[in-house]
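This briefing covers two topics in turn: an interface between chains, and the surroundings of one residue. The sequence and structure are shown below for reference.

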Amino acid sequence: MTDNLLAPVLAAATAAWDTDDVRRIAHACRVAERLHRGQLRRSGDPEISHLVEVATIVAGQGASADIVCAALLHDVLEDTQYTIEELRDEFGPAVAGPVQALTRLTEAEVPTADREVLLLKLADRLHNMRTIAFVAPDTQRTKSTETLRTLVPLARRLGLTGVGEELTELANRTLHGERRTLSSAVVRGSAVLLPRSVRARWLAEWAAELATLPTRRATARFAAGLVIGMPRLAWILRSSPTSRRSTARLGRRLASTVVGGVWVAATVDSTLALAAAAAIAGCIALAAAVLFTTSDEPARRLRELIESWRNQR
Amino acid sequence: MLRMTLQTRLVLSVLLDDPRRERYGLELCELLGLASGTIYPILSRLEQAGWLLSSWEDPTVHEESGRPRRRLYRLTDDGAVQAGRSLERTRKQLRLLRSAPSWEGRA
């Protein structure tokens, strides 16, 4: 059972662990699971799932095996009968030290604490922010504000930009929840055209603007404009070199859908179905050619051709 | 290879008016009377070309007013130079147009 639990931690690990490290982490996971058995998070999930998530986050940041063990055990002193002596005996001071420091950490001590302890704190807060929907709205606001004020600058100072950015995004989203209107829904719907890697950024940008528009008509006009301009924006973003891989993947998926559809139509053995499928395939091919063109070369060459032909006359 | 449309030139002229100032998308829509579907493709094209730099608004600015953070755009140094050149070209073309003979008065 522990192996299933640990899979994400091992998958996320960027530091090089040997078999002894992995054995210790598995042991820490078993102990944590046993100690917290029966304890549930607000979401209804067992406490161990939170501990594993925190461990996954620190593992992804290149943490040592000791810190991953500390992540799995970071609540034992607070929420179970386990004592600091038992922790030190079973896992050594390299694990017990950070756990104890984290448990005792006060607001004032944060700037001067050890880097590893701060990493644990940030990872703990990150998972809490990811699942913050399950706590009372007042607590959500307090935690989000505190996150923005203290923890995000801390993450930036430690060089944990990914963590800092996600914390910022989650805290802002909690503090300024998007009003679920028709306008924001249609914008979000048409935004599937955009490459996945930048979709969230553009949606966040437009949500911020939509939040400030005073009238329903202004909101509708803004949203309608975005929807109409979405194909053009998608083309511009997809022709950048960085998004070519995701665009190619999307193109392959489209192609296989088309092939599958035509095959189904052929086996259905109806000329009408085949004609419809061929027409749809033709439209998709045209759209793909427009959306996924990755350079201006063909257009430029065509223009040069026209110029030279015109000059010849 | 930047596609220099009239609307793009309008955006650039506003930005060049105060090159150190950061603008947000909606602001440009309102200043120029252009639709959102026009402005954002222009901004993304300019950003891809390296003429603009975009960033999230400083938390201290928007937190007070209780609204979500905006995405702000600013001309880069290179972008300001390129924009200036391109707008100068436009001005030359406009001068040619203005000095061209009109149809009125022709028999």
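In this predicted model, Arg201(A) and Glu47(B) form a salt bridge, with their closest N and O atoms 3.7 Å apart. Across the interface of chain A and chain B, the rule finds 3 salt bridges. The side of chain A that touches chain B draws at least two residues from each of helix 9 (137-157), helix 10 (161-175), helix 12 (196-212) and helix 13 (216-238).

**Interface of chain A and chain B**

- By class, the side of chain A that touches chain B comprises 12 nonpolar, 7 polar and 9 charged residues.
- Contacts join 28 residues of chain A to 24 residues of chain B.
- Between chain A and chain B, an area of about 2300 Å² is buried, and carbon and sulfur atoms give 59% of this area.
- The rule also finds 9 residue pairs in polar contact across the interface of chain A and chain B, both residues being at pLDDT 80 or more.

- His50(A) lies in helix 3 of chain A, which spans residues 47-60.
- Because its relative accessibility is 1%, His50(A) counts as buried; the cut-off for this class is under 20%.
- A polar contact of 3.4 Å links the side chain of His50(A) to the side chain of Arg41(A).
- Leaving aside residues up to four places away in sequence, His50(A) touches Arg41(A), His74(A), Asp75(A), Asp124(A), His127(A) and Asn128(A).

Terms used. Residues are numbered from 1 along each chain as its sequence is written. Chains are lettered from A and ligands numbered from 1 in the order in which they are written. This is a predicted model: local features need pLDDT of at least 70, side-chain atom pairs count only at pLDDT 80 or more; totals for chains, interfaces and linings use all residues. Side-chain values use heavy atoms; hydrogens and water are left out. Helices (H or I, at least four residues) and strands (E, at least two) are DSSP runs, numbered from the N terminus. Buried means under 20% relative accessible area, exposed over 50%, partly exposed in between (1.4 Å probe, protein chains only). A polar contact is a pair of N or O atoms within 3.5 Å; within protein, one must be able to donate a hydrogen and the other to accept it, and residues adjacent in sequence count only if both atoms are side-chain atoms. Contact means heavy atoms within 4.5 Å. Buried area is the accessible area (1.4 Å probe) that two parts lose on being put together, summed over both. A salt bridge is a side-chain nitrogen of Lys or Arg within 4 Å of a carboxyl oxygen of Asp or Glu. Ala, Val, Leu, Ile, Met, Phe, Trp, Tyr, Cys and Pro count as nonpolar, Asp, Glu, Lys and Arg as charged, and the others, Gly among them, as polar.
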